[in-house]
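User: I would like to go through this model term by term, with each label set against the rule behind it. Please begin with the rule for naming helices and strands.

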Amino acid sequence: MEKVVDLRSALELLKNVPGQLIETNEPVDPHAELSGVYRYIGAGGTVKRPTKIGPAMVFNRVKGHDDARVLIGLLASRERVALMLNTKPDRLGFLLNEAVKNPIDPIVVSNDHVKAQEIVHYADDPGFDIRKLIPAPTNTEEDAGPYVTMGMCYASDPETGESDITIHRLCLQSKDEMSMYFVPGARHLGVFREKAEKAGKPLPISISIGVDPAIEIAACFEPPTTPLGFNELSIAGAIRNQAVELASC
C-alpha cells in the first residue's frame, strides 16, 4: 500500500481504491459552481440536498487559474480518512486517542530544499494579487468572497513561545489582505491573538494549504484533550510515527 506522507501521496493512494477519488477536466467556475457540482458527487452534512457520501474530487481546469487545481471532499468520509491514516473506520477513535497519549514533537529542517518554497511570491512584487495566485472557491452566492476553508494556521504564544496549529476559514479580501475567522474561546490561536493585541503587537502566523491529511485531522483537537501549550502537530507525528517537518518562513 502507498505510504502516505503528504497530500500528493494521499491522492496516489486514493487513485488506486475504487470510488475514493475522481478527476474532471471540464472547466468549472470557482464562484459557486465548483461546490455546486460537488453537491451531487460526494458532499455530506449540512449542504443543500441532494447529498450523499461519495468520492473526493479534483477539478483540473478552474476558470481564472490556468496553473492550479482544486481538491474537494478529501476528509468527507470516515472510510477515506481511515485509508489515509492506515487504519479501519471503526478504529479511528482509538488511533487518535493513542496518538494524543504518545505525541511526537515536530522538528525544524533546513530551508535548502523545502518544496513549499520552490516558488516564492512577495506582496510588494509588481502585480501581486493573492486572489489570482490562490484558486479559493466562493462556495455559495451568499459567501462574503472566496474562502480558503482548510487553512492550517500556525503561530506561537507571544508570552511562552509555545506553538500550535488550528484550522481557520480565511476570506480573500483584496490583493494583499485576508480576514480570519476565530471561533470565540475555542482555538489556541485565539488566545495567542488576544495576548498579542493586549500587548499592542501583531501576531505572526503561517498558513499552509494542501498538507498531509494527518495534520488536518490532528489540528481539530480542542481543550481539554489538548490544553493550551499542547502542539497538535505532535499528534500528526504520532499518527505517522515520524515528526512533522517545519521550515522557517
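Analyst: Helices (H or I, at least four residues) and strands (E, at least two) are DSSP runs, numbered from the N terminus. By that rule the protein chain has eight helices and nine strands, and Asn241 is found in the loop between H8 and S9. The model is a predicted one, in which local features need pLDDT of at least 70 and side-chain atom pairs count only at pLDDT 80 or more, while totals for chains, interfaces and linings use all residues. Residues are numbered from 1 along each chain as its sequence is written, and side-chain values use heavy atoms, with hydrogens and water left out.

User: Why is Asn241 called exposed?

Analyst: A residue is buried under 20% relative accessible area, exposed over 50% and partly exposed in between (1.4 Å probe, protein chains only). Asn241 has 63% relative accessibility and therefore counts as exposed. Asn241 also has a positive phi of about 60 degrees, although it is not a glycine.

User: What makes Asn86 exposed, and where is its place?

Analyst: The relative accessible area of Asn86 is 63%, so Asn86 is exposed. Its place is in the loop between H3 and H4, and its phi is near 60 degrees, a positive value in a residue other than glycine.

User: What makes the peptide bond from Pro223 to Pro224 cis or trans?

Analyst: The omega of this bond is near 5 degrees, and the bond from Pro223 to Pro224 is cis. Pro224 has its place in the loop between H7 and H8.

User: How do you know whether the radius of gyration agrees with a compact globule?

Analyst: The radius of gyration is taken over C-alpha atoms, and the globule rule is 2.2 Å times the number of residues to the power 0.38. For 249 residues a compact globule would have a value near 18 Å, and the protein chain has 18 Å, so the two agree.

User: What makes a space in the model a cavity, and what is the volume of the largest cavity?

Analyst: On a 1 Å grid over the protein atoms alone, a cavity is a set of points where a 1.4 Å probe fits but cannot get out, and lining residues have an atom within 4 Å of a point. Grid points are joined across faces, edges and corners, and a volume is the space filled by probe spheres set on the points. The structure holds one cavity of 30 Å³ or more, and the largest cavity has a volume of about 30 Å³. Of the 11 residues that line the largest cavity, the closest to its centre are Thr166, Arg187, Phe221, Glu222 and Glu232.

Methods:
On a 1 Å grid over the protein atoms alone, a cavity is a set of points where a 1.4 Å probe fits but cannot get out, and a pocket is an open set with protein on both sides within 12 Å along at least five of seven lines; lining residues have an atom within 4 Å of a point.
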